[in-house]
Amino acid sequence: MINILPILLCLADGGKEEECLSSVDWLQRNNAHYNYGVQSLDAVKNFKASGNQATIEVEITEERTLIKNGKVDPTNTSFDTLLVRYSLEFTNGQVKIADYKTVRTLRKS
């Protein structure tokens, strides 16, 4: 069974379909996958609220690490800074994330 998450992440980052499928094929042939994790919330860039809905844009730094044959590949770890937009809803006394989208990649390292 194919894991479509890497394909979707590649396409969301502006990759072409052929490149994304090739990357996933390489990962499968090499018993590899990427782990993603948010490292820090760097800044709130925009916040708008109206009624029971709000939109917030934040800069986050995300770690991406290649795991190959069950081991971390230290040459394939990066920290990318992204601008992410969250749509929030206030319902029954709780704030819930209704939707989110990566607006753009600000920095790659």
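**Entry 1: arginine 107 and its partner**

I began with arginine 107, which is partly exposed at a relative accessible area of 46%. The model is a predicted one, and I keep that in mind for every side-chain contact noted here. Looking for a partner, I found that arginine 107 forms a salt bridge with glutamate 59, with the closest N and O atoms 3.9 Å apart. Since glutamate 59 belongs to strand 2 and arginine 107 to strand 4, the pair ties together parts that are 48 residues apart in sequence.

Lysine 45, for its part, is exposed, with a relative accessible area of 51%.

**Entry 2: the remaining search for salt bridges**

My search of the whole structure returned four salt bridges. One of them is formed by the side chains of lysine 108 and aspartate 80, at 3.7 Å from N to O. This pair links distant parts of the chain, with lysine 108 in the segment after strand 4 and aspartate 80 in strand 3, 28 residues apart. I noted that lysine 108 counts as exposed at 55% relative accessibility, whereas aspartate 80 is buried at 10%. Salt bridges with shared partners join Lys45, Glu59 and Arg107 into one network.

**Entry 3: strand pairing**

I followed the strands next, and saw that strand 2 (residues 53-68) and strand 3 (residues 71-91) run antiparallel and are joined by 16 bridges. The two form a hairpin with two residues between them, and asparagine 69 in that turn has a positive phi of about 55 degrees. Strand 3 is joined to strand 4 (residues 94-107) by 11 bridges, again antiparallel. This hairpin, too, has two residues between its strands, and asparagine 92 in the turn has a positive phi of about 50 degrees.

**Entry 4: aromatic rings**

A search of the whole structure gave two aromatic pairs. In one, the ring centres of tyrosine 34 and tyrosine 36 are 6.3 Å apart and the planes stand at 50 degrees, so the pair is tilted. Tyrosine 34 counts as partly exposed at 23% relative accessibility, and tyrosine 36 is partly exposed at 36%. I also found arginine 64 over the face of tyrosine 34, 4.2 Å from the ring centre; the bridge partner of arginine 64 in strand 3 is serine 78.

Definitions and conventions. Residues are numbered from 1 along each chain as its sequence is written. This is a predicted model: local features need pLDDT of at least 70, side-chain atom pairs count only at pLDDT 80 or more; totals for chains, interfaces and linings use all residues. Side-chain values use heavy atoms; hydrogens and water are left out. Rings of Phe, Tyr and Trp (its six-membered ring) pair if their centres lie within 6.5 Å; planes under 30 degrees apart count as stacked, over 60 as edge-to-face and the rest as tilted. Buried means under 20% relative accessible area, exposed over 50%, partly exposed in between (1.4 Å probe, protein chains only). A charge sits over a ring if NZ of Lys or CZ of Arg is within 6 Å of the ring centre and within 35 degrees of the ring normal. Two strands pair if DSSP finds at least two bridges between them. Helices (H or I, at least four residues) and strands (E, at least two) are DSSP runs, numbered from the N terminus.
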